Amino acid sequence: MRVITQQTLGGPEALTIVDAPEPRPLPTEVLVRVKAIGLNPLEARLRAGELPLLGRPPFILGWDISGVVEEAPQTWRFRPGDEVFGMPLFPRAASAYAEVVSAPALHLVRKPASLSHVEASALPVVGLTAWQGLVDLGGVTEGDRVLVHGGGGGVGHVAIQIAKALGAYVIATASGSKRKFVEGFGADEVIDYTAVDFTEAVRDIDVVLDTIGGDTVERSLAVLRPGGHLVTAVAEDDSELAATYEAAGMRFSGIAVDPDPVALRGLVELVEQGRLRVHVQETFPFERVADAHRLLDGGHLQGKLVLTAGEADLAPLRA
């Protein structure tokens, strides 16, 4: 099989395709023939050496996969031929930039027929982050006012839809160029952060979901109602900010996303109800991983980027 690996830290050019032996599934694992791989900004940071999560090279990046089970020797959860997707092993290395992956069966769920492999591979990291932030941590319920920072990004556009499905009134920040894109996912209001200070535009927010970081986290304190909740996917380790929020009578939570089959099935249910879709900005063949990472490095994406491995099913993919 082919894998995308790197021997040194650096730019997209550090990523190289090599041949490697296929992994062998351990008990309770399945062997998945990968059809598509979702890319995440975290992987660009790991490639460049900004975070030490995977240690020193060589290593193989990636977590988001969708594909077909080839072997399921010691698990009752799946059989060969099942189409599955998920985010196995995170934050440990799943080595998902590969044509074949061995993964815990518990970390995967069956792919709904309404999603292509490309779409399914784009969903796990962003979907689980949004779900755990809004459902598990935020406890969003009908009638809540939710502010999503970065509504046009991978986590943001999924979070808008989850919050709407929960019955919330959703406000999102995004650049003016993304207004129609964000409104298309159900946001009740969109604030152009390049032209408007969100702290002057909104008030009485029950839950803020932050995907941006920086001073956005601290400034969000001003828009929360008494007892409101800031959930961040970026500044989760900032104990000083947490203390500031708590001193003001607010809640502060950080998301360290983890594999969660219950949440994955919740996402599938929303997909099957027609209440959730994931936007793929662009797909790249396996051989063009460096080009995909250059886009990751540039930021300001709409939705997700995906690598295809083999003949990924593109049929259900929507514009």
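Tutor: In this predicted model, the buried residues of helix H9 pack against strand S5 (83-86) and strand S7 (108-110), and also against helix H3 (124-137) and helix H4 (154-165). The buried residues of H9 are Pro261, Ala263, Leu264, Gly266, Leu267, Val268, Leu270 and Val271.

H9 itself covers residues 261-272, which makes 12 residues. From its first C-alpha to its last, H9 reaches 16 Å, close to the 16 Å expected at 1.5 Å a residue.

Consider next the two ends. After H9 comes glycine 274, which has a positive phi, near 75°.

Two packed helices are described by the angle between their axes and the distance between the axes. The axes of H3 and H9 come within 10 Å and cross at roughly 100°. Angles of 65 to 115 degrees count as roughly perpendicular, and H3 and H9 are therefore roughly perpendicular to each other. On the H3 side, the contact is made by Pro124, Gly127, Leu128 and Trp131; on the H9 side, Ala263, Leu264, Gly266, Leu267 and Leu270 take part. The residues of this contact between H3 and H9 comprise 7 nonpolar and 2 polar ones, with no charged residue.

Key:
Residues numbered from 1 in each chain as written. Predicted model: local features only at pLDDT ≥ 70, side-chain atom pairs only at ≥ 80, totals over all residues. Heavy atoms only, no water. Helix = DSSP H or I, 4+ residues; strand = E, 2+ residues; numbered from the N terminus. Expected span 1.5 Å × (residues − 1). Buried < 20%, exposed > 50% of the residue type's maximum accessible area, 1.4 Å probe, protein only. Contact = heavy atoms within 4.5 Å. Axes fitted to C-alpha atoms, helices over the stretch in contact; angles between N-to-C directions. Parallel < 35°, antiparallel > 145°, perpendicular 65-115°, else oblique. Nonpolar A, V, L, I, M, F, W, Y, C, P; charged D, E, K, R; others polar.
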